[in-house]
Amino acid sequence: MTLPAVPTVSLDDIRSSDPSRRARAAEALKLGFGTFGLVYVADHGLTAAEQDRFYDSFHRLTKKPESEKQTWARADLWYQRGWTPPNTEKAVAAGGQPDFKECWFNAPMDYDEAAARLHPELYAPNVWPEGEDEFREVYTKVGKLLHMVGETLLVGVAQSYGLDAQTLVGLVQGAPHVFRALRYLPLSTEQADARILWGEEHTDFNLLTILPGGRFLDADEKPCAKPDEASGLFLRTRATAENPNGTLVPGVAPPGCMVAQVGQQLEILTGGTLVATPHVITAPKTSGYSRLSSAHFVHLHTDVVLAPIGPFRTAASVAAYRPPVLASTYDLKTLVDIGLAPREALDALGYRHYDRLASAHENERND
Ligand SMILES: [Fe+2]
């Protein structure tokens, strides 16, 4: 069976008052998010010049000495802000192999201060390097733009399935969205020969991920063309009877387009109608290349209960995605599993109240 190509969605079509243009966007979103877990996005508003300015300033930051970068590493915030050192994060299914990347994480959008008191690691003030004003400015500007791309796509998804246009957008207001800049590290000859991966196969745990595209650097750290066809983002299609493991297909957007990817939380809300697709970041076959990249993670508000909603709520989908769980618990558990939050963070959930109540009762008895 040959698969249809990954479709391109125009954000102008989603925003259009012309029903035929909205219908065209709906068709592309249903096919792309339902079959591939991914669409290409046109008419997003990010210029090539602004994207270049963003990567230029991030590239300068990556060249700072390790000792300086360490001062921006915030294990206490589960690395949700500031610098994530290489070999820290690992994919859930990666067998303990950490990804070969360093990252910068910050929140481009204002967040819910009341939620921040409950989940201080997920909603923390941003960490900015001193004296890097342009990085701060362009990072925030690009992050906000990508977030609006995400919200427009969520309007498009809601419209495509007969929900009120603001249904999904309403679930992400003030949420712990994070924009991440990444540098995939150059591999040694041995690592390249062993086909070590830049990012192990995984699905994103958030609602929707926006990927504006990146930049390859040669061994002298000069921007260069894609070194070979083996490198970049690949996604695994849904399993079929003939092909139970799915097929790995390249996820390369047409020129000038971005990639948008369904995360686990959107799959759950839609009862599996939209699919969080496994994807992998492969390195070039030749050693020495690195890559700058970025991703904006649109999250649900931490108070949202993760379960199929509206037309997606059927006996079968509820059974498939039970038990329902708070988005904050889902976030916490995943951050522990991928190595960013400490395992003890799980002790903050539920059952610790037994101890607290038992000691309170004991104190009462002793009074
Ligand atoms: Fe991912």
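Me: Which residues of S14 point each way, and are they buried or exposed?
Reply: Quick caveats: this is a predicted model, where local features need pLDDT of at least 70, side-chain atom pairs count only at pLDDT 80 or more, and totals for chains, interfaces and linings use all residues. Residues are numbered from 1 along each chain as its sequence is written. In S14, Ser290, Leu292, Ser294, His296 and Val298 point one way, and Arg291, Ser293, Ala295 and Phe297 the other. Buried means 20 or more other C-beta atoms within 10 Å of a residue's own, placed from the backbone (exposed is 12 or fewer, partly exposed in between), and the residues on both sides are all buried.

Me: Which residue of S14 is the bridge partner of Tyr184?
Reply: Strands here are DSSP runs of E, at least two residues, and helices are H or I runs of at least four, numbered from the N terminus. Two strands pair if DSSP finds at least two bridges between them, and S5 (residues 178-184) has 7 bridges to S14, running antiparallel. The partner of Tyr184 in S14 is Arg291.

Me: And what stands opposite Thr209 in S14?
Reply: S7 (residues 208-211) also runs antiparallel to S14, joined by 3 bridges. Opposite Thr209 you'll find Phe297.

Me: At roughly what angle do H2 and H6 cross?
Reply: Axes are lines fitted to C-alpha atoms over the stretch in contact, with angles from 0 to 180 degrees between N-to-C directions. The axes of H2 (residues 19-36) and H6 (residues 133-160) come within 9 Å. H2 is therefore roughly perpendicular to H6, a label for 65 to 115 degrees; the crossing is roughly 95°.

Me: Why does His119 count as buried?
Reply: His119 sits in the loop between H5 (113-118) and H6. Leaving out residues up to four places away in sequence, His119 touches Thr302 and Ser328, a contact being C-beta atoms, placed from the backbone, within 7 Å. His119 is buried because the number of other C-beta atoms within 10 Å is 20.

Conventions
Angles under 35 degrees count as roughly parallel, over 145 as roughly antiparallel, 65 to 115 as roughly perpendicular and the rest as oblique. Two residues are in contact if their C-beta atoms, placed from the backbone, lie within 7 Å.
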